[in-house]
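Keep the sequence and the coordinates open while reading.

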Amino acid sequence: MNVSTSALGVRRRKVATQNIDDEENSAQLKLGPEFQLNQITNTGEEQQLIALNLSEARLLIRAALKERKKNKNPNKKSNKQNQSNTNNNNNNNISDSDEEDEDDDTLNNTREDELSNIELAGPNSNEIMHKTLNFLTNFSRFKNRSSCETVEKLINDFNEHCNEYLHPFEMAQLGTLECEDAEEAKSLIPTLTNKVSDVQLQSLLTELRKYQTL
C-alpha cells in the first residue's frame with residue numbers, strides 16, 4: 001500500500017506566537033553566568049571577569065603553543081641559543097622573546113601565516129586547533145603585541161569617560177569588530193546606546209583604525 005506524501009492532508013503545528021513582553025530588550029546586556037563580573041576560580045578565589053578580543057586571543061594562544069613547543073624541545077632551544085651567541089656576539093642585548101615577537105610581526109604580513117600556524121600547532125594537533133588559529137589570523141585586527149597593548153589602553157581610557165562603565169564583553173567587541181562609524185557600532189553592540197555618545201564612540205573608532213594591521 002502506497003502512502004501519499006502530499007502535504008494537503010497534513011495538519012501542521014502552528015508556531016507559538018511570542019509575547020512581546022518576553023522579547024529581549026537589545027539595549028540590555030543579558031549574558032550567561034560565565035559572563036558575570038565576579039568569577040570564582042578553580043582554587044575558590046574570586047577574580048574579575050576577563051574578556052579577550054580576537055587579536056588578544058590569537059596572541060595568547062600562539063604564546064601558549066610556543067611555550068609548549070619550547071618545553072618539548074629544550075635541547076633545540078639551547079643549541080639555537082649557543083649558535084646565536086657564537087655568530088652574534090654584538091647582539092647579546094636582544095632577548096629570545098623579543099626575537100620571537102619580531103619574527104612573528106614580520107610573518108603576520110606574509111602569505112606564509114597559515115603554514116606558520118600549522119607548524120606552531122604541531123603535526124599531531126587536531127583540525128580544530130588549525131582552524132582556530134587560521135580564523136584568528138584572518139579576523140584579528142591587531143597582529144602584534146604592541147598594537148594590542150595600545151588598543152587595550154585606548155579602550156580602558158574610553159571606558160572611564162562613558163556614561164556607564166562598559167562590560168568586559170562590550171570592550172572586547174569594540175576591539176574585535178571593524179566598525180566604520182558610531183551608528184554601525186551601536187547597531188552591532190546595541191547595549192552601547194545609552195552608555196556613550198556618538199561623538200565619543202566615533203573618536204575611539206577612528207583611533208583604533210590607526211593601529212589596525214592591513
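Phe 139 has a relative accessible area of 48% and is therefore partly exposed; buried stands for under 20% relative accessible area, exposed for over 50%, and partly exposed for what lies in between, with a 1.4 Å probe and protein chains only. The model is a predicted one, in which local features need pLDDT of at least 70 and side-chain atom pairs count only at pLDDT 80 or more, while totals for chains, interfaces and linings use all residues. Residues are numbered from 1 along each chain as its sequence is written, and side-chain values use heavy atoms, with hydrogens and water left out.

Phe 135 is partly exposed as well, at 42% relative accessibility. Phe 135 and Phe 139 are four residues apart in helix α5, which means that about one helical turn separates them. Helices here are DSSP runs of H or I with at least four residues, strands are DSSP runs of E with at least two, and both are numbered from the N terminus. The count of aromatic pairs comes to one. This pair is tilted, because the ring centres of Phe 135 and Phe 139 are 4.8 Å apart and the ring planes stand at 40°. The rule behind this takes rings of Phe, Tyr and Trp (its six-membered ring) with centres within 6.5 Å, and calls planes under 30 degrees apart stacked, over 60 edge-to-face and the rest tilted.

Helix α5 covers residues 127–139 and also holds Thr 137. Thr 137 is buried, since its relative accessibility is 7%. A polar atom of the Thr 137 side chain lies 2.8 Å from the backbone oxygen of Leu 133. A polar contact is a pair of N or O atoms within 3.5 Å; within protein, one must be able to donate a hydrogen and the other to accept it, and residues adjacent in sequence count only if both atoms are side-chain atoms.

The loop between α5 and α6 contains Asn 144, which counts as buried because its relative accessibility is 19%. Its side chain makes a polar contact of 2.8 Å with the side chain of Ser 146. A polar atom of the Asn 144 side chain also lies 2.9 Å from the backbone nitrogen of Ser 147. In sequence Asn 144 and Leu 59 are 85 residues apart, yet their C-alpha atoms are 7.6 Å apart in space.

Ser 147 belongs to helix α6 and is buried, with a relative accessible area of 7%. Apart from neighbours within four places in sequence, Ser 147 is in contact (heavy atoms within 4.5 Å) with Phe 142 and Tyr 211. Helix α6 comprises residues 145–160, and its 16 residues reach 23 Å from first C-alpha to last, close to the 22 Å expected at 1.5 Å a residue. The expected span is 1.5 Å times one less than the number of residues.

Which residues of α6 are buried? They are Ser 147, Cys 148, Val 151, Ile 155, Phe 158 and Asn 159. Seen down the axis of α6, these buried residues fall within an arc of 110°, so they line one face of the helix; the arc is that of the directions from the helix axis to the C-beta atoms. Their cover includes α1 (54–72), α7 (168–176) and α9 (198–210).

Two of these covering helices can be taken in turn. Helix α1 has 19 residues, and its end C-alpha atoms are 27 Å apart, which agrees with the 27 Å that 1.5 Å a residue should give. Its buried residues include Arg 58, Leu 59, Arg 62 and Leu 65. At the start of α1, a side-chain oxygen of Asn 53 comes within 3.0 Å of the backbone nitrogen of Ser 55. Helix α7 is mostly covered, with seven of its nine residues buried, and those buried residues pack against α1, α6 and α9.

Of its 214 residues, 28% count as buried. Among contacts between residues at least 6 apart in sequence, 63% join residues at least 24 apart. Zero disulfides (pairs of cysteine sulfur atoms within 2.5 Å) are found in the whole structure. Cys 162 is buried at a relative accessible area of 12%, and Cys 179 is buried at 4%.
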